[in-house]
Amino acid sequence: MSRRNKKQVFTNIEVLDAGAKGKTIAKSPDGAVIFLPNAVPGDVVDIQTFKKRKAYYEGKATVFHKLSDKRTTPVCEHFGVCGGCKWQDMDYKYQLFYKQKEVENNLRRLGHIELPEVTPILGSAKQYFYRNKMEFSFSDSRWLTLEEIQSDKDLGDKNALGFHIPGMWDKILDIKKCHLQEDPSNAIRNAVKTFAIENDLEFFNTRNQTGLLRTLMIRTASTGELMVLIQFFKEDKGKRELLLNYIKETFPEITALLYIINTKANDTIYDQDIEYFSGRDHIFEEMEGLKFKINAKSFYQTNSDQAYELYKVTRDFAGLTGNELVYDLYTGTGTIAQFVARNAKKVVGVEAVPDAILAAKENAKANNIDNVDFYVGDMKNVFNAEFIKTHGHPDIIITDPPRDGMHKDVVEMLLNVAPEKIVYVSCNSATQARDLALMDSMYKVTKVRAVDMFPQTHHVENVVLLEKR
């Protein structure tokens, strides 16, 4: 076996820090970094490595000699197997500390940005039950825990309705109670599973591409409205209507009950026709009196309460007086554009996804907002000199790109347009830092605030205000 792949054991190692992707950091006796998925800073542990790279190890804590004072007791019975809330064992105040630290480190070390005094991270009032959208998968061969495998007990049926095991596309962990979405989410999922088993509705087998039931999506809204969508692998009218009628009768509070017949190999819904069963085909989200129509395919920030806080920070950083022309790049369904419109002279939103722009226009019309315009196009192609000539020179640009950040051509165009202010909203402070570095010669970072959208995980949003030097 090569030295590169040789597994090693390190004993009595203190976990020092939290790093990228939710992993924590320790150091081997020779000073090499070790990334761990199952420890908290302050723990003293024995480590079994399972991967060696040139600059670091990947390993797992196997023995805990001392537990960190930063720890707390996870509330979820599935913690450690599910992988969805990897920081449940870390006290929330320390989660916020490490999220803020990561943002500042990325901006300083990757972007080499001179930062002002950074405003403290905005924590979430809800640390559990904060998500408005959950997707669960059916499986006829559920994931077995190590304890179950080693047990002599009869494990019963192998059906599951839950989450994919991290890194395993065909393994589903059966979920009894999830702490991410408010009730009746757990009640609906558990009732659907029980009814399906009792009525011999076949759960999907991903490898063999057999079965009837594929996925269950539940969307909730701050308005109290509720959407449920069942994805079937094939049409079986009798069984389909049996299940959907049961859901309708058992949970009359459902606003939109929908289904999909998806016979293709993967279960993504964006190329599928959504079929209406009862209620409406959409629900409404609300923010400061603005209503946003949410259909099964709509993108909307998955933490409604913190989305409101994020948008307030964005609007505050923009410092609008009512006289500004604002561009909202990567506008999505136009939520930020409409949220700031009442404080601006005009807002122009740009987004690559046609359905998102249709939704943005529909929502703006429903909200009686007449000072917003929305346009479809790949940002690096549509955001050009001709676009500026047609729609006017922006005083302020708000940009909220995907995790990969902005294309270099978009950054170059921002520098050519040179608005007085740029408000950069990001879900990835590493790519945000890269983009800020490209603009550093012309713009100074004057405000920074991280917003925690996803408690119990390492994910964090960050808002930066850039002003011309």
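**Reading helices and their contacts**

Student: Why does the end-to-end distance of helix H5 (residues 304-318) agree with its number of residues?

Tutor: The 15 residues of H5 should span 21 Å at 1.5 Å a residue, and its end C-alpha atoms are 21 Å apart, so the two agree. The expected span is 1.5 Å times one less than the number of residues. Helices here are DSSP runs of H or I with at least four residues, strands are runs of E with at least two, and both are numbered from the N terminus. This is a predicted model, where local features need pLDDT of at least 70, side-chain atom pairs count only at pLDDT 80 or more, and totals for chains, interfaces and linings use all residues. Residues are numbered from 1 along each chain as its sequence is written, and side-chain values use heavy atoms, with hydrogens and water left out.

Student: Which residues of H5 are buried?

Tutor: Buried means under 20% relative accessible area, exposed over 50%, and partly exposed in between (1.4 Å probe, protein chains only). In H5 the buried residues include Ala307, Leu310, Tyr311 and Thr314. An α-helix has 3.6 residues a turn, so residues three or four places apart point the same way. After H5 comes glycine 319, with a positive phi near 60°.

Student: How do helix H3 (residues 185-198) and helix H4 (residues 237-250) cross?

Tutor: Axes are lines fitted to C-alpha atoms, for helices over the stretch in contact, and angles run from 0 to 180 degrees between N-to-C directions. The axes of H3 and H4 come within 11 Å and cross at roughly 145°. Ala191, Val192 and Phe195 of H3 make the contact with Leu242, Leu243, Tyr246 and Ile247 of H4. Contact means heavy atoms within 4.5 Å.

Student: What do the buried residues of H3 pack against?

Tutor: Their partners are S7, strand S8 (160-164), strand S9 (172-174), strand S10 (213-220), strand S11 (226-232) and H4. Just after H3, aspartate 200 has a positive phi of about 55°.

Student: Where does asparagine 132 lie, and is it buried or exposed?

Tutor: Asparagine 132 sits in the loop between strand S6 (119-122) and strand S7 (133-139). Its relative accessible area is 5%, so asparagine 132 is buried. Beyond its neighbours within four places in sequence, its contacts include Gln181, Arg219, Glu285 and Ser304.
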